[in-house]
Amino acid sequence: MKTLYNKMKSMKWLPALLGFLILAGSCEVAEDLMGLNATVAKLEGEWTCDEDSEIYKSISSVYSVTISPDPDNDNGVIIDNFYGINAAVYASVSGMSLIISNQTASGGYEISGSGIISSGYDEINWTYTVDDGSGVIDHVTAIYTKD
């Protein structure tokens, strides 16, 4: 009887261990537990931007941007060369969306907008506005594709 009691007592930790292993086996859950956003990590890298501007109607501008994690915001990214102006813009990641809160980038460009991330994390569809300081607002759509 005593042996059976000791075996049962030692097995109490088994459900907790199994639960932890299942939880740790999920990359996204493990990253969230460590304070990392899995979507941010998947967006990091070089992207090609194919941009259509309301003001620059005769031009479809294609250029490169770099997305990197924001070191000050676990749910944020920094987009370098946004709008092709060699300036950084900050965006917040929420689920499969990116939000660019109204901000002024270097050079005086006032920018705001949003993007939708594809399920494969290889395309972002953007709509945003840009005011270069002149008061004329450019309405822009863009598609980022992962290089």
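F82 and W126 are both buried, where buried means under 20% relative accessible area, exposed over 50% and partly exposed in between, with a 1.4 Å probe and protein chains only. The model is predicted, so local features need pLDDT of at least 70 and side-chain atom pairs count only at pLDDT 80 or more, while totals for chains, interfaces and linings use all residues. Residues are numbered from 1 along each chain as its sequence is written, and side-chain values use heavy atoms, with hydrogens and water left out.

Six aromatic pairs are found in a search of the whole structure. Rings of Phe, Tyr and Trp (its six-membered ring) pair if their centres lie within 6.5 Å; planes under 30 degrees apart count as stacked, over 60 as edge-to-face and the rest as tilted. F82 and W126 form an edge-to-face pair, at 6.1 Å centre to centre and with 80° between the planes. Because F82 lies in the loop between β3 and β4 and W126 in strand β7 (residues 123–131), this pair ties together parts that are 44 residues apart in sequence. The ring centres of W126 and Y128 are 6.3 Å apart and the planes are at 80°, so this pair is edge-to-face. W126 and Y128 are both buried. One aromatic cluster is formed by W47, F82, W126, Y128 and Y144.

Strand β3 (residues 76–80) is mostly covered, with four of its five residues buried; strands are DSSP runs (E, at least two residues), numbered from the N terminus. Strand β4 (residues 88–94) runs antiparallel to β3 and is joined to β3 by five bridges, two strands being paired if DSSP finds at least two bridges between them. S92 in β4 is the bridge partner of G76.
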